[in-house]
Amino acid sequence: MTLTTAMKFFLGGAPAGPAGTGKTETVKDLAKNLAIRCVVTNCGETMTKNNLANIFGGLASAGFWGCFDEFNRINEEVLSVAATQISEIQEALKKNKDVINFDGMRCQLKNTVALFITMNPTYIGRTELPDNVKALFRPMTMIVPDIDLICEIKLMSEGFKDAKGLASKMARLYKLCDEKLSKQKHYDFGLRTLKAALVMAGELKRDDGKRDEFGIIMKALRDMNTPRFTFEDEELFYSLIEGLFANVDISRTDFPPIKDTIIQCFQKQEFRNLDFCEAESNHLVTKCIHLYETMYTRHTTMVVGPTSAGKTTVLETLKTAKTEDGIKTRIWRINPKDRPIVEVYGWANPDTGDWVDGLLSKIYRQCNDIRIKVKNEEKWILFDGDVDAKWIEDMNSVMDDSKLLTLSGSDRIALLNHCKLILEVYDLSYASKATISRCGVVYLDNALLGYKPY
């Protein structure tokens, strides 16, 4: 109602609120209900007034909706120019014009066009919107969604009979985890994490329909959340699950078939003589399985842990195990912090206006080139370096369900199913909740390895 009323007065809509409250989804869903295409653009510091002019001009002539994610990440001087460009379109809509002279270009104007901006107000790397931009959009605050209701509807749509009872247990568990477990930067018990667990529960339900529904939900919650916990929190989490799912066996017996291959890969490497690697319940073997399962349900995974906790070992071992199991796996390793951001994503030549691909966008295109795709192949783009809001936020649209890399040169490249994004990082002190909530997290704790690796 708020957004459609804003449009009636020829204004844009500006939903604002914390991560995972449904800002972008609300705009996309409204567009879907009105049968209008909504183009989501991920905004960043690399955006220039020319990039924005191209996007605005294209939306105006096609009559599409534009949703600009994290609009307050654009530099302040560019925002001021953007205000003039947006007001030109809005004034032309008020006067019911069919053609406008826009930024030196003459272009058609369809009256279905509308512009929306979404914002996470309090995170690092955000600027305050200038007043001339604020005046063009109707502000709208998003509140924390009703978790119980979302769980119930999602479970019902996945085919669970006792959706109401199971939904209340899931919501209760996530609330307890938030309150009782230690406060780690890589923990997230928001809507996106919950949704991933619900999707996994639906897949388990379809694979084994005869199994008890409480057992399925317990397995989904255990397998989705355990990888991100520290050693102390893992035990506490199991006790919380035991309290909620009484008389359900929470011990793990059903490991994926790749477990045997992973153990063989460890035995072939130099650490075969160490006691800690010969046990099947070994910490690193378990973490390899956690990584395998997390990558199965999420297309972006963060491998987090202190130095010498075994992050690279786990990644390389899983890659070898997958290759031995017939899925050829290749890794592109990038350090995103060893060059300026424009050299990672690409830039527009200031003289000719031609787009020049950066390191990531070039690799991204190579991975996605289906002409060179081999059957049963996986490609991993691995970011090995510190995560901070400066560069990682430009990846938000890739980490979302849309899986689109939106470059400032107006290119939109989809991440195909055989490609995965992985971040290997020491800690997430400088990452925002918006990023952490979009990824699966596997935490490696070097407390369990002790002194033997040295």
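User: Are Phe383 and Trp391 buried or exposed?

Analyst: This is a predicted model, in which local features need pLDDT of at least 70, side-chain atom pairs count only at pLDDT 80 or more, and totals for chains, interfaces and linings use all residues. Residues are numbered from 1 along each chain as its sequence is written, and side-chain values use heavy atoms, with hydrogens and water left out. A residue is called buried under 20% relative accessible area, exposed over 50% and partly exposed in between (1.4 Å probe, protein chains only). By this rule, both Phe383 and Trp391 are buried.

User: How many aromatic pairs does a search of the whole structure find?

Analyst: Rings of Phe, Tyr and Trp (its six-membered ring) pair if their centres lie within 6.5 Å; planes under 30 degrees apart count as stacked, over 60 as edge-to-face and the rest as tilted. The search of the whole structure finds 12 aromatic pairs.

User: Why is the pair of Phe383 and Trp391 tilted?

Analyst: The ring centres of Phe383 and Trp391 are 5.1 Å apart. Their planes stand at 45 degrees, and therefore the pair is tilted.

User: Which ring has Lys259 over its face?

Analyst: A charge sits over a ring if NZ of Lys or CZ of Arg is within 6 Å of the ring centre and within 35 degrees of the ring normal. Lys259 lies at 4.0 Å from the centre of its ring, which belongs to Phe255.

User: What is the order of the strands in the open sheet of 5 strands?

Analyst: Strands (E, at least two residues) and helices (H or I, at least four) are DSSP runs, numbered from the N terminus. Two strands pair if DSSP finds at least two bridges between them. The pairing in this open sheet is parallel, and its order is 9-12-15-8-16.

User: Why is one side of strand 9 and of strand 16 left without a neighbour in the sheet?

Analyst: Strand 9 (328-334) and strand 16 (440-443) stand at the edges of the sheet. One side of each is left without a neighbour because each has a single partner strand.

User: Over how many bridges do strand 12 and strand 15 pair?

Analyst: Strand 12 covers residues 377-384 and strand 15 covers residues 419-425. Asp384 has Glu424 in strand 15 as its bridge partner. The two strands pair in the parallel sense over 6 bridges.
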